[in-house]
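Trainee: I would like to learn how to read a structure feature by feature. Could you walk me through one?

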Amino acid sequence: MGTERVGTALGARTKAHDLTGLQETLALRSNRARTLTALGRHAECEAECVALALVTARGRGLQMRMLAAAARNGLIYALNGQGRHPEAEALAREALVAHRLPGRFALVLRLGLARTLNGQGRHEEALVEAEHADELRRSLPEQECRPETGAVELALATALLGLGRSTEARTLAATAHHACLAAFGPDHHRTTEALALFDRIDGS
């Protein structure tokens, strides 16, 4: 009986170790997808996120749910980066309805949806989603929102510019650029995006 108990305990420990190793591998792949996004390699990011989503969809527990959410958000961003906004919109809306996500992941999802709508020229709808994202951000701890610094202002500014409200858009684009510059430095993709939007507003 003692031997059976030892065997059972060892088997459980092995499974736990295997699960931990899998989660670590998936976390590394999630980080790789994020890096590909930052480099503008959207097709590669899409492939990585699709693969991640397939694996994490079969998993259980909070960690796997968070990795699945990261994969979905990464896929939405990658599709937007390739101009495939209707696909990104469908995925974002489905995720908002089907999944209860922790605060930051819900924030990123809202921002992704706003980006898809801006990309389709549906700026009024994009503004509503960006405002929802802003409300959600204000309800979250500052440290939790740090990775999304400047993203809300960018979404709002893009929508406002599309609606012809260039003065408001310019103020928000400048705010986004200063915040991203302080948080991430001049070479970060969001810093350069904010600067490009600011320059576009000034040139319009």
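Trainee: Let me start with backbone angles. Which residue with a positive phi follows α8?

Mentor: Welcome! Keep in mind that this is a predicted model. The residue is G164, which comes after α8 and has a phi near 80°. There is another case just after α3, where G83 takes a positive phi of about 75°.

Trainee: Let me step back to the whole fold. How many helices and strands are there in the protein?

Mentor: The protein has 10 helices and zero strands. Reading along the sequence gives α-α-α-α-α-α-α-α-α-α. Among contacts with a separation of 6 or more, 63% are between residues 24 or more positions apart. As for burial, 41% of the 204 residues count as buried.

Trainee: How do I read the length of a helix? What span does α8 reach, and what is expected?

Mentor: Compare the distance from first C-alpha to last with the value expected at 1.5 Å a residue. Helix α8 covers residues 151-162, and its 12 residues reach 17 Å, close to the expected 16 Å.

Trainee: Why is α8 described as largely enclosed?

Mentor: Count its buried residues, where buried means under 20% relative accessible area. In α8, 10 of the 12 residues are buried, so the helix is largely enclosed by the rest of the structure. Those residues are A151, V152, E153, L154, A155, L156, A157, A159, L160 and L161. Helix α3 is mostly covered too, with 14 of its 20 residues buried.

Trainee: What covers the buried residues of α8?

Mentor: The cover includes α5 (103-119), α6 (123-139), α9 (166-184) and α10 (189-203). Take L161 as a worked case. L161 lies in helix α8, and its relative accessibility is 16%, so it counts as buried. Setting aside neighbours within four places in sequence, L161 is in contact with S166, A169, L197, R200 and I201.

Trainee: Now the core. Which residues of the largest nonpolar core touch the most other members?

Mentor: The general idea first: in soluble globular proteins, nonpolar side chains tend to be buried together. In this model, the largest nonpolar core has 41 residues, and L107, L111 and L197 touch the most other members. The largest share of this core, nine residues, comes from α8. Look at L107 in the viewer: beyond residues up to four places away in sequence, L107 touches A133, L136, R137, L140, C145, E148 and V152.

Trainee: What about rings? How many aromatic pairs does a search of the whole structure find?

Mentor: The search finds zero aromatic pairs. A ring can also have a charged side chain over its face, and here R104 lies over the face of F105, at 6.0 Å from the ring centre.

Trainee: Let me try a polar contact. Which side chain does H189 join, and at what distance?

Mentor: The side chains of H189 and Y77 are joined by a polar contact of 3.5 Å. H189 is in helix α10. Apart from neighbours within four places in sequence, H189 is in contact with A38 and Y77.

Trainee: There is another histidine, H177. Is it buried or exposed?

Mentor: H177, in helix α9, is buried, with a relative accessible area of 16%. Residues up to four places away in sequence aside, H177 touches T191, A194 and L195.

Trainee: To finish, let me look at the end of the chain. Is S204 buried or exposed?

Mentor: S204 is in the segment after α10, and at 69% relative accessibility it counts as exposed. D202, which lies in helix α10, is partly exposed, with a relative accessible area of 42%. S204 and S166 are 38 residues apart in sequence and 8.7 Å apart in space, C-alpha to C-alpha. For D202 and T167, the figures are 35 residues in sequence and 9.7 Å between C-alpha atoms.

Notes
Residues are numbered from 1 along each chain as its sequence is written. This is a predicted model: local features need pLDDT of at least 70, side-chain atom pairs count only at pLDDT 80 or more; totals for chains, interfaces and linings use all residues. Side-chain values use heavy atoms; hydrogens and water are left out. Rings of Phe, Tyr and Trp (its six-membered ring) pair if their centres lie within 6.5 Å; planes under 30 degrees apart count as stacked, over 60 as edge-to-face and the rest as tilted. A charge sits over a ring if NZ of Lys or CZ of Arg is within 6 Å of the ring centre and within 35 degrees of the ring normal. Helices (H or I, at least four residues) and strands (E, at least two) are DSSP runs, numbered from the N terminus. The expected span of a helix is 1.5 Å times one less than its number of residues. Buried means under 20% relative accessible area, exposed over 50%, partly exposed in between (1.4 Å probe, protein chains only). Contact means heavy atoms within 4.5 Å. A nonpolar core is a set of buried Ala, Val, Leu, Ile, Met, Phe, Trp, Tyr and Cys residues joined through side-chain atoms within 4.5 Å. A polar contact is a pair of N or O atoms within 3.5 Å; within protein, one must be able to donate a hydrogen and the other to accept it, and residues adjacent in sequence count only if both atoms are side-chain atoms.
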